[in-house]
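Please have the sequence and the 3D view open while reading.

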Amino acid sequence: MILYPFIIEVFQILLVLAVAPAFAGWVKALKCWSQGRTSPGLFQPYRDIIKLFSKDVVLAENASWIFRFTPYLVFGVSVLAGGIVPMLSVDLPLAATADVIALVALFAIARFFTALAGMDIGTAFGGMGSSREMTIASLAEPAMLMAIFTVSLASKSTSLSQMVQVIYSGQSVLRPSVAFALLAFILIALAETGRIPVDNPATHLELTMIHEAMILEYSGRHLALIEWAGMMKLFLFVMLGIAVFAPWGIAASGDLTAIPAAVLFMILKLAIVGAGLVLIETGLAKMRLFRLTEFLGSAFLLATLGMLSYFILE
Amino acid sequence: MIFLPMNIAFFSIFLLLLAAALAFLFNRNQKFLIGVCFSMTTIASLLMVAAGGWAVGKGITNQVILPMGLPDLLFHLRLDPLSGFFLTVIGLLSFFVSIYSLGYVKGFLGHRSVTSLIIFYCLFLAGMFMVVLADDALFFLISWEVMAAASYFLVMFEDEKIENRRAAFLYIIVAHVGAIAILLSFGVMAGLATGFQGFSGYTFDAMRATNFPLGWATAAFLLAFFGFAAKAGVIPLHVWLPEAHPVAPSNVSALMSGVMLKTAIYGIVRVTFDLIGVFPWWWGAIVLIFGLVSAVMGVLYALMQHDLKRLLAYHSVENIGIILIGIGLAMIFTSYQMPLLAALALTAGLFHTMNHAMFKGLLFMGAGAVLHATRERNMEEMGGLIHKMPWTAAFFLIGCISISALPPFNGFVSEWLTFQAFLLSPSLPSPLLNLLIPMGAALLALTGALAAACFVKAFGVTFLGHWRGPHKPDVHEAGWTMRIGMMLSALTCLALGVLPTVFIDWMDVLSEQLVGAKIATSATGIGWMWLTPIAHERAAYSGPIVFAGIMAIVVIAYILLHARPAAIKRVPIWDCGFEKITQRMQYNATSFSMPIRRIFGFLFSIKEQVRLVSQYGHRAFPKKLHYHLRIRDLFWGWLYKPVVDASFWISRKVGRLQQGKIHVYLIYSFVTIIVLLVFLR
């Protein structure tokens, strides 16, 4: 009995590794269809990663160990985070490793090293990407914390499995504070994962790229790790949103029999969220960098409204 | 019993004074002096760590009355867990810095005599230790002044530079304005303790025993907070800090930023929690607000700097702010009789005190090594040092990660605890505080993220990329003693981050002494691996699992990917077909912070000028562009300039009394005597 949570944990980490590229492929395919283009198919990200792994690495002459260490670290952080967010079951052995605040900080350390790697080669692009990425991150952080604060008011906890349990048990259906927090979270997640309107993952245009500018010099297996970790990050933010705001279908205990149903629910929800993401991305244009203060400011405002409505209405 | 913590502390101070005397006597043999004196300070600091650690670990309180001082005003000393904790913090960093100094100070040999540096270094350490040990107002103030004066001379060490003299002058003024406020605060408390007839109220014991009326207690608290805030560099009393810390020798900057500021934190905690004891919630709110303003403004000003040591100095303002946030929250919780939450907030603040000492000391030592190697403080010139100074770069990076509050290093743990304290504020029975305190949490999050941006800039511009300046100096790695000093503090940062439960277990006696509750029983409730403040359903963080987990995945991924041999080809960077790519085209410190400067520009006084030099006398044919940027502290213009102007105006008016004629002065004396006779008969 005591072994089941560990099995689920290992299964979940493998699932994150395996499904994250498919989700990225799903978003890309939907986007192509909605824009009247032919899609490369659901499995294109897998083919990309495999191709990159088999290629040689081309490294700039003055790249230091930081440049070579960063892909491994970013990958490691994403995998560890994949074991922490409750996706299939609430009862995860790794869930107590980090609460939401520590989880956000885990992604922050990946970003810190990516930004350093961007400055390591000494090109103008790398520095530009690092500077912009860190600026956006610092504006997103207060909004993120406010959203966490609002949700934790309802669940009296920042531990993810506890938050999921409270919402799951139906103690807080249709709370206005949670609704505001969800809106804020969507805006923040778009910024954190570098999607339109904050950043365009498909662009390599000098003046508009942010995340791509930092990793421009990567190639071969290093690039494969970074791309894979990026897909996992998108996947994990989606799963984090699902876990905190719509956890229905998740296994409430460490019981293996509930897992197949949980997997089915997860795939269904992922498909829906992917469609929503494509609607946002095709409906909006990328914002100017200095308009982002308004974008993230409104995220902060929404989260604050959520907190106020908790104290006033609930 | 001879082996009491107090006796060890005495012996340590004796060693420090002996080292100072040795430096005075053997002035001739400079090299010998560096070796002997810094070895002695190393041993003395280690002894202090032992004394402090012992007192905290076992919860011992030793009290001693020295037969010294003025008649009827003997020196009282006391080593309780609170002073033991600060002794440990100060001792540990001065231990690392003393090892570092063995190598660093040798850099001055042949340029100037280091005797004065050694003497004042020893006195400075002794002063800080005595401040923490003092148990009466008189001895406290004497030690405080020893510390201030010694650090003044240390800032003045390279006195041929005008910036050093200016900074030292500003520092000594602010230090003394602060000291007057502290003196008055003790005066109020001592007077209320025994009435204004006797002197016996000057001991801290007498103040502890007294219940102060609220009005007088508030006066004493505000005076003490003002005085200590001036020493700690709380905004708006911070202006001396970014001037004085960068110009001092780097080992001294490490001590000043790392631990001297902490004596002010000690003072605030001692006066509020111990001497006064009972206070209303809004005292805590004052501390919290000043803490928040210092944290946010400190990091924003730091982002705008391109002098490495100045940047670090502004970060001290930020971190003092974070410590005060913890203490302010603890005061608010205490005033509402919530000892467990108060213990959590206080632990967060004091833990951050320890952490800041470690990583700020480490960063200043690293900056010193860079300065030593390149003779350059301006980051705009630097770059690519990671290839020449791999050890220093690695240690500096650890400092950067720690100060940016990133797991699994120590800065994260204390900020995480502070966040937890914030998140528990909804249980306060005051709607106003419930609504306003979360804003503080958001500001703290902003601070943390901006600090990360600032240290990507600091590390990226200094150590990564290519050298940016016109003349590339002959850079060399720091000597082995300097490396050991940095390595030990880097390891401490990691250990405190990975095993915070052990440290919190050790320091828990403090929160019991001050607010009457322990968090260790709950903090380590589900095992030493998980840090769980209050309850594990509430929140949990496991440093060991995060560290080991990430490292394990990194190693596995590395091994799997290197099973198949794949070549790494080293090539020149791709220049997009533009052949003349130069090193000046890299992002530098100013360009890195440009987006943030634009967003938060209203908080600075910025003067930006672009001047175009044209060919043929027309703008259409530009030849050169001159870009000039000047960013200044807003507070200087808002607050200090009016005060300085006003004091000059007053002194000019008062100066009219001075006629330079003897009969006018005789009339003054005559009038004075008449007035005294009439009123004070």
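## One residue in chain A

Met163(A) sits in helix H6 of chain A. The model is a predicted one, and in it Met163(A) has 26 other C-beta atoms within 10 Å. A residue counts as buried if 20 or more other C-beta atoms lie within 10 Å of its own, so Met163(A) is buried.

Which residues does Met163(A) contact, leaving aside its neighbours within four places in sequence? They are Val151(A), Ser155(A), Ser157(A) and Val244(A). Leu15(A) is 148 residues away from Met163(A) along the chain, and 22 Å separate the C-alpha atoms of the two.

## The helix around it

Helix H6 of chain A covers residues 160-168 and is mostly covered, with eight of its nine residues buried. Besides Met163(A), the buried residues include Leu160(A), Ser161(A), Gln162(A) and Val164(A). Gln165(A), Val166(A) and Ile167(A) are also among them.

Just after H6(A) comes Gly170(A), which has a positive phi of about 75°.

## Where the two chains meet

Between the chains, 64 residues of chain A are in contact with 67 residues of chain B. On the side of chain A that touches chain B, strand E1 (57-60), H3, H4, H5, H9 and helix H11 (292-313) each supply at least two residues. H5(A) gives the largest share, 17 residues. Sorted by class, this side of chain A has 39 nonpolar, 18 polar and seven charged residues.

Strands also pair across the two chains. E1(A) is joined by four bridges to strand E3 of chain B (residues 568-571), and the two strands run parallel. In this pairing, Val58(A) stands opposite Lys569(B).

## An open hairpin in chain B

Is strand E1 of chain B, residues 62-70, covered or in the open? The number of buried residues among its nine is zero, so E1(B) lies largely in the open.

E1(B) pairs with strand E2 of chain B (residues 73-79) through seven bridges, and the two run antiparallel. Asn62(B) stands opposite Leu79(B) in E2(B). The two strands form a hairpin with two residues between them. In the turn, Asp72(B) has a positive phi of about 70°.

Helix H11 of chain B (residues 281-303) is mostly covered, as 18 of its 23 residues are buried. Its length can be checked: at 1.5 Å a residue, the 23 residues should span 33 Å, and the end C-alpha atoms are 33 Å apart, so the two values agree.

Chain B is divided into domain 1 (1-194), domain 2 (279-562), domain 3 (589-635) and domain 4 (639-679). Taken over C-alpha atoms, the centres of domain 2 and domain 4 of chain B are separated by 51 Å.

## Confidence

The model scores ipTM 0.96 and pTM 0.95. For chain B the mean pLDDT is 90, and 98% of its residues reach 70 or more.

Where is confidence lowest in chain B? It is lowest in helix H20 of chain B (residues 520-523), at a mean of 58. Confidence in chain B is highest in helix H15 of chain B (residues 390-403), at 96.

Technical notes
Residues are numbered from 1 along each chain as its sequence is written. Chains are lettered from A and ligands numbered from 1 in the order in which they are written. This is a predicted model: local features need pLDDT of at least 70, side-chain atom pairs count only at pLDDT 80 or more; totals for chains, interfaces and linings use all residues. A residue is buried if 20 or more other C-beta atoms lie within 10 Å of its own, exposed if 12 or fewer, and partly exposed in between; C-beta atoms are placed from the backbone. Two strands pair if DSSP finds at least two bridges between them. Domain bounds come from an automatic or database domain assignment. Two residues are in contact if their C-beta atoms, placed from the backbone, lie within 7 Å. Ala, Val, Leu, Ile, Met, Phe, Trp, Tyr, Cys and Pro count as nonpolar, Asp, Glu, Lys and Arg as charged, and the others, Gly among them, as polar. pLDDT is the predictor's confidence in each residue, from 0 to 100. The expected span of a helix is 1.5 Å times one less than its number of residues.
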